[in-house]
Amino acid sequence: MRRPTEPHPELSEPVPTEADHTSQTRFGPRPVPEGHQTAAAHKRRKTVSSRIPPSGRVSPDGRQVWPEPSLTTKIIVWGGVALGVAGVTAATSMLARKLVGDDNHASHRHDRHGSTSAPRFAGLDANEQEEIRRRVHAQAREDALHAAELRAKAKRTRRPRGNIAQDLTKTATELSEGLNGVAQSLGTAFNSFRGVA
């Protein structure tokens, strides 16, 4: 393999061209201009292709291409990174809870049904709690009745299902009328522009 700094081997003698001698044209002879050098006066070198350097990611010395990692390798690496970040986040959260002290469980009290409740609700006596529960249940019933009324009203106002072919025909007719209107307005605009021009 030839290095780029090494000289190219010489070719054989160059072939003379029409510009090297007087030629005949329809206006008469065309002489060779003064100072013209023939191809033989120039040293011609053989063009030898050199090594094509690799493209893309290459080794530090630039001699070989580093292969692209496969999809499986990428998934494994990025999955491991994601698991590591999730683990660090969970450990930080647990450490912060230990340092601050998690007193969420102490703030919730158990009522007579055994469920946890808000601190202000747990501080009420049994009659007040029962009254609040009755109001909440009444409001839930009222909301359910209202929703049922809305559904019934929507069902009454809903159009009866028609023929799909008729609906498609009607839609196509409306669309073609709209397109015809657009075409007519464009034609009118062009005619107006021509009249002004």
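## A guided reading of the predicted chain

Of the 197 residues in the chain, buried residues make up 5%; buried denotes under 20% relative accessible area, exposed over 50%, and partly exposed the range in between, with a 1.4 Å probe and protein chains only. The model is predicted, so local features need pLDDT of at least 70 and side-chain atom pairs count only at pLDDT 80 or more, whereas totals for chains, interfaces and linings use all residues. Residues are numbered from 1 along each chain as its sequence is written, and side-chain values rest on heavy atoms, with hydrogens and water left out.

The chain contains five helices and four strands, and from the N terminus on its elements follow the order β-β-α-α-β-β-α-α-α. These elements are DSSP runs numbered from the N terminus, with helices (H or I) of at least four residues and strands (E) of at least two. The chain exposes about 18200 Å², of which carbon and sulfur atoms supply 59%; such areas come from the Shrake-Rupley method with a 1.4 Å probe, and for residues only the protein chains shown count as cover. Among contacts in the chain with a separation of 6 or more, residues 24 or more positions apart account for 28%, a contact being heavy atoms within 4.5 Å.

Asp20 lies in the segment before E1 and is buried, at a relative accessible area of 17%. Strand E1 itself covers residues 23–25 and includes Ser23. Ser23 is buried at 16% relative accessibility; apart from its neighbours within four places in sequence, Ser23 touches Gly28, Pro29 and Arg30.

Helix H1 spans residues 71–100. Together with Val77, Trp78 and Val85, Val81 forms a nonpolar surface patch with about 410 Å² of accessible area. A patch joins residues with over 30% relative accessible area and no salt bridge, linking like charges within 9 Å and nonpolar side chains (Val, Leu, Ile, Met, Phe, Trp, Tyr) within 5 Å. Just after H1, Gly101 adopts a positive phi of about 90 degrees.

A search of the whole structure finds two salt bridges, each defined as a side-chain nitrogen of Lys or Arg within 4 Å of a carboxyl oxygen of Asp or Glu. Side chains of opposite charge can pair when their charged atoms come close. One of the bridges joins Arg133 to Glu130, with the closest N and O atoms 3.7 Å apart. These two residues are three residues apart in helix H4 (residues 126–157), or about one helical turn. An α-helix has 3.6 residues a turn, so residues three or four places apart point the same way. Arg133 is buried at 17% relative accessibility, while Glu130 is partly exposed at 27%.

The side chains of Glu131 and Arg134 also meet in a salt bridge, at 2.9 Å from N to O. Both residues lie in helix H4, again three residues apart and about one turn of the helix. Glu131 is partly exposed at 36% relative accessibility, and Arg134 is likewise partly exposed, with a relative accessible area of 48%.
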